[in-house]
Structure formats: C-alpha cells, structure tokens
Amino acid sequence: DLMTEKRSSIHGQWSSRFIFILAAVGSAVGLGNIWKFPYITGENGGGAFVLVYLVCIALIGVPIMIAEILLGRRGRQSPINTMRSLVQDEQAHPAWSLLGWGGVITGFLILSYYSVIAGWALAYVFRAASGAFNGATAETIAAQFDGFLSAPLSVLAWHSIFMVMTMVVVARGVRGGLEKAVTFLMPALFVLLLVLVGYAMSLGAFSEGLDFLFSPNFEKVFYHCEVTAAGVEQCRFTGEPMLVALGHAFFTLSLGMGAIMVYGSYMPANASIARATFAIVAADTAVALLAGMAIFPIVFSNGLEAAAGPGLIFQTLPIAFGAMPGGQFFGTLFFLLLVFAAWSSAISLIEPAVAWLVENHGMKRVSAAVLMGVLAWILGIGTVLSFNLLSGEEFQLFGKTIFDLLDYLTANILLPLGGLFIALFAGWIMSRSASMDELRMRDGMGYKTWSLLVRYISPLLVAIVFFNAIGII
Ligand code: PFF
Ligand code: NA
C-alpha cells in the first residue's frame, strides 16, 4: 500500500470511485455500441457473431480491463511513462514500454475516423430537429443519407466541429467538465434507447429482430458457401467473423491502447478495480444490445438490408423517428446524446498522448491537445473522402477504402495486439505480490480466476483468433 500512496498522478485524480466508473463508462459507451455494433452484427450474420462477441467480452475483455486499470493505477502516469516505470519496478525488458507508444499511435488513428462518424451524428441532430424525417419513407431516408455523404465539404465541416469540441475538453483537463457531463448524459442515453426498444416492440418484426440478434446459426456465420460450376455447393470455414468480434470487444471497451490505463492512473487508491470493471462492462454491453434490439426490428419491418454497412443506423433510426409520436423531439435528443457519447469517448482517445506530451515535453495541455487534434483531423480527411471522392475501386487497397483500412488496422490488429501484451505484462511480468496489492485482493478464488484468465486463457484466445484470421494457422 505504501507504494500506491507515494505515487499519485501529476494530472490530478477523479474526485471519487463513482466518477472513475462514470468516466470509464463515458469512454467505453460511444459510437462502438450504437453505430458499429449493429452494423458489424448485420454484416456478420447475427446471433452466432453476437455470441462470440459476448464470449470475448467475458473471457478476454473483463480480465484485460482489470489488467489495464491495474497497470495504470500502479504507474500513475501516461501509458508510456507508466510502462517505463513498471518496467523498472519489475526489472523487465525495456521493449515493454513500446506498449505505451503503440497505444498513443492507435488512439490517434482511431480518433481520425471516429471524429468523422461523430460528425455524421452531429449533422443528424440538426436534420432531426428540422423535421426532415417526419413521415419519410425508407427510400427518402436512404436518399437523404446518400446525399449527405456525397458532399465532402459539409462532412468535413462537421468533422472539424467535432474535433474542435474534443480538443476543447482535453485542453481544459479531462476531469472538470467530463465529470459533470457523464453523470446525467449516460443515464439519459440509456433511457432513450429503452424508448426506442419500446417503439421497436410495436413493430411486427420485433421477434424477427430478436431472433436475428440472439439465435445463433454457426453455419451461416462461419461457413462461406459457393456453388461451383458443376452445380455443387462447396463450403469452407472462415475465421474472419471471430476476428471482427474479438476486435470489437477491445474497441467497445476502449481496451488495448492505454485509454483505460490512463483513466486508471487517475483512479482513487481505495477503489476496487474488479468491481469497477464489472460495472463498466455491464453498462457497455447493455447499451450495445439495446441498440441492436432497437435497430433490427426496424430493418426487417422495412425490408432493409441488415448488411448495409456503416450507414445502418442513419438509414434505420430516422424511419422510426419519422413514424413515432414525438419523433422529432426524440430523434433530436437521440442524436444529441449519441454525439455526447462519442465526445466522451473521443476525449479518452487522445488523453494518453496528451498526458505524455505534458509529462515529457513540458507542453501545456492546450498545445498538446491542439497538436494531437490537428494531426488526427488531417488524417480524418481520408475517411471523409472514403465515402465519396475516394470510394471507387481504383482508390482501394485489398478492396478496402482508407476508412476500412484504418478501422481494420486499429480494431482488428492493433487493439488485440496491445491487449495481448497488456495481459502478458500483468500476468507474467508483474509480480503476484504487486498485482494482489493493487487489486486489493488476497490469493482467493477471485484472484486465482483473474490470474488464470489473464495469464493463459485470454492470451491464447487472442493469439489463436488473430493468427487464424491473418492466415498463419
Ligand atoms: N469504446 C469506444 C466506443 O465503443 O465507441 C471507442 C474507443 C474509445 C475505443 C477509446 C478505444 C479507446 F481507447
Ligand atoms: Na463501447
């Protein structure tokens, strides 16, 4: 205990254990839950994909979140310096501090496209408020969205506004404003999702939607079948949906890049890491499942395509807002809360880098936030153009646009790799006495279970899925 009391973060500390949980929930709950989870579930065939995702959350997400918070609170600095000082404490190889570096780069790459999609949501706040969805058909809504995406300058403007919003909060310090905002905005978003699920229940296709989400059909998801020239159906196993589910477990919980680590470094010393983790994971998972339960009934009752891709929520939810009583109000509020959820996540994407620039380069928070924000903004232009000028095949690499490449590289490769090394460090490099002390646990069932998961189960699962999907095993 002496060790943790001596160390405290120069950036300050959350004012209570509850505020830490709220901030971490603010980081976790975001576009990943409401925008990405539904569309990747649609693209990957539904139930079986969702089940694999839930297994990844339980066996990989939970133990690695505990590990990441634990490293952060032990080190009490930006991820780069936290890893450096833990490497010293444990006399480990200096290469482990690359983990901190990887996280800074990953966060910057994610922020570049995250801000663009958040900009879409921002634009939709005003669209909803203008009454544009009232009574609109599915075709009109789809045409509106296509029209919106095809105007790069306006998409760029929304991306810019969102990036400025993010820089402002990070510049002022993550605590103050964020603490207050998440306290009531997260619960409000949750209630609004319940309203949407309530509306979805009134649709004829509600049970079809639930079926799609929750009844697993493994063959449909994991076997790709083709009919050969001779008219014979040939099916082969594909590990790709598993990699997407695994990658999304990291993305949605903000794991593998130091965001949760840096938030953990501001965590009060007396708070239980395991309990906080369960609360964060439960909230994040509930929001994702509710979003799915709201969206798929709308998809099926309007004969829409579940595999529509990144535009899915923008092509479905407006139909509901256009048809339900009070839809103009609920629609505006919904997109507004989605922007807030994205905002509180975006902040955590650059906090590791900003904390590091302040620690090592004596930069002011303002300059550090502006520097990172501007760099991410520039890279974000690639994502803006991925849906219009640069969407054509001639601009793709491996059949992927710039946005697809950034998404694939970060969610499916960098985050799982970061998480793997976090698990290995916490499980194998850190001494048992240090991890037990930091977790405030004795060598009982709880600690033994975590230790088993973080040392063997999660690293093995990540490695298998990962190497399988990239074709090595
Ligand atoms: N967890 C966020 C979401 O689900 O939208 C995205 C995210 C935030 C990923 C922060 C990674 C991160 F470090
Ligand atoms: Na999330």
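This is a predicted model: local features need pLDDT of at least 70, side-chain atom pairs count only at pLDDT 80 or more; totals for chains, interfaces and linings use all residues.
Of the contacts between residues at least 6 apart in sequence, 83% join residues at least 24 apart.

Next I looked up the secondary structure, and the chain has 20 helices and 2 strands. I then checked the radius of gyration: it is 22 Å, close to the 23 Å from the globule rule for 473 residues, so the chain is as compact as a globular protein of that length. Along the principal axes, I found that the C-alpha atoms fill a box of roughly 65 × 55 × 45 Å. I also looked up burial, and 53% of the 473 residues in the chain are buried.

I turned to ligand 1. Its surroundings comprise 16 residues, the closest being Gly 30, Gly 32, Ser 254, Ala 259 and Ser 345. I listed the helices that each supply at least two residues of this shell: α2 (17-28), α3 (31-43), α6 (98-129), α12 (240-252) and α16 (327-361). By residue class, I have the shell as 7 nonpolar, 9 polar and no charged.

Last, I went to the strands. β1 (residues 223-227) and β2 run antiparallel and are joined by 5 bridges. I looked up one partner: Val 227 is bridged to Glu 233 in β2. The two strands β1 and β2 form a hairpin with 5 residues between them. In the turn, I noted Gly 231, which has a positive phi of about 85°. Is β2 (residues 233-237) buried or hardly covered? I found β2 hardly covered, with 0 buried residues among its 5.

Terms used: Residues are numbered from 1 along each chain as its sequence is written. Chains are lettered from A and ligands numbered from 1 in the order in which they are written. Helices (H or I, at least four residues) and strands (E, at least two) are DSSP runs, numbered from the N terminus. The radius of gyration is taken over C-alpha atoms; the globule rule is 2.2 Å times the number of residues to the power 0.38. A residue is buried if 20 or more other C-beta atoms lie within 10 Å of its own, exposed if 12 or fewer, and partly exposed in between; C-beta atoms are placed from the backbone. Two residues are in contact if their C-beta atoms, placed from the backbone, lie within 7 Å. A residue is near a molecule or strand if its C-beta atom, placed from the backbone, lies within 6 Å of it. Ala, Val, Leu, Ile, Met, Phe, Trp, Tyr, Cys and Pro count as nonpolar, Asp, Glu, Lys and Arg as charged, and the others, Gly among them, as polar. Two strands pair if DSSP finds at least two bridges between them.
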